[in-house]
Amino acid sequence: MAVAPRLGWGAAAAAAGLRRRLCQMMNPYTIKKQPLHQFVQRQLFPLPATLYNPVRYMFIQTQDTPNPNSLKFIPGKPVLETRTMDFPTPAAAFCSPLARQLFRIEGVKSVFFGPDFITVTKESEELDWNLLKPDIYATIMDFFASGLPLVTEETPSGEAGSEDDDEVVAMIKELLDTRIRPTVQEDGGDVIYKGFEDGIVQLKLQGSCTSCPSSIITLKNGIQNMLQFYIPEVEGVEQVMDDESDEKEANSP
């Protein structure tokens, strides 16, 4: 009968220590006491920091607007933070690399930047958003991953309050900025003060409001009623067009 060879004192001690460690690892009561980092599996090939950019995998949400031709894209990070910019034509996008890239997508008619959203308006109702969305998603993600500035030149779209404004004009601008514009921006657009003459407030609609079928209702039933309620000097509200293209758009059925 074969006899197992005896281990030396050092080898026996090492074997006993190994058995104790194995028993401790298999004991459910001792496993809970182990530091958590000991059980976390490490990546075999961790990506270098220069090759991993979490912005490239940002989650972009979309939100419908009252205008069926406009869609609101929410990238989950600030866009212009406290102001807005409107790009009704490709020529107007000279100061924004992102707007220029969006206009290169076939079917995009206009682009609008809000504090934390981007509104894209398509050329016609016949175009399917499901065909436009992938290119718009990719363009927005690639731009934010590039680290380029959103705007290369400061061209504020709104008209800030001035010391030369009389009391009525100052009240109109304050009411627009605090009560009306935030509500309109929720629908992917904006409203800009252009003037006040003979009791009529002149406003310009931007973003999704530009070609929205309900823009007149928004002006008359929403903005005009609120201005008249708080400011008796206001007799009415009218929409102002900056160029001929806006006039053609407003008169189109």
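1. Buried residues, meaning those under 20% relative accessible area with a 1.4 Å probe and protein chains only, make up 36% of the 253 residues in the chain. In the other classes, exposed means over 50%, and partly exposed lies in between. The chain exposes about 16400 Å², of which carbon and sulfur atoms supply 55%; accessible areas come from the Shrake-Rupley method with a 1.4 Å probe, and for residues only the protein chains shown count as cover.

2. This is a predicted model, in which local features need pLDDT of at least 70 and side-chain atom pairs count only at pLDDT 80 or more, whereas totals for chains, interfaces and linings use all residues. Residues are numbered from 1 along each chain as its sequence is written, and side-chain values use heavy atoms, with hydrogens and water left out.

3. On confidence, the mean pLDDT of the chain is 77, and 68% of its residues reach 70 or more; pLDDT is the predictor's confidence in each residue, from 0 to 100. Over residues 30-55 pLDDT stays under 50, and the model has 9 contacts beyond four places in sequence for them. Over residues 244-253 pLDDT likewise stays under 50, with 7 such contacts.

4. The secondary structure comes to 7 helices and 8 strands. Helices (H or I, at least four residues) and strands (E, at least two) are DSSP runs, numbered from the N terminus. Of the contacts in the chain with a separation of 6 or more, 61% are between residues 24 or more positions apart; contact means heavy atoms within 4.5 Å.

5. An open sheet of 3 strands has the order β6-β7-β8, with mixed pairing. Because β6 (189-197) and β8 (236-239) stand at the edges with a single partner strand each, one side of each is left without a neighbour in the sheet. The twist averages 30° from one strand to the next. Strand β7 (residues 200-207) runs parallel to β8 and is joined to it by 4 bridges; two strands pair if DSSP finds at least two bridges between them. Leu203 has Gln239 in β8 as its bridge partner.

6. Helix α5 (residues 167-186) packs on this sheet and touches β6 and β7, its direction making about 165° with that of β6. Helix α6 (residues 215-230) lies across β6, β7 and β8 and runs at about 145° to β8. Axes are lines fitted to C-alpha atoms, for helices over the stretch in contact, and angles run from 0 to 180 degrees between N-to-C directions.

7. Thr65 is found in the loop between β1 (61-64) and β2 (70-74). Thr65 counts as buried because its relative accessibility is 13%. The Thr65 side chain reaches the backbone oxygen of Asn67 at 2.9 Å and that of Ser70 at 3.0 Å. Not counting residues up to four places away in sequence, Thr65 touches Ser70, Leu71, Lys72, Asp187, Gly188 and Ser208.

8. Ser70 belongs to strand β2 and is buried, with a relative accessible area of 2%. The side chains of Ser70 and Thr121 make a polar contact at 2.7 Å. A polar contact is a pair of N or O atoms within 3.5 Å; within protein, one must be able to donate a hydrogen and the other to accept it, and residues adjacent in sequence count only if both atoms are side-chain atoms. Beyond its neighbours within four places in sequence, Ser70 is in contact with residues including Thr65, Trp129 and Ser208.
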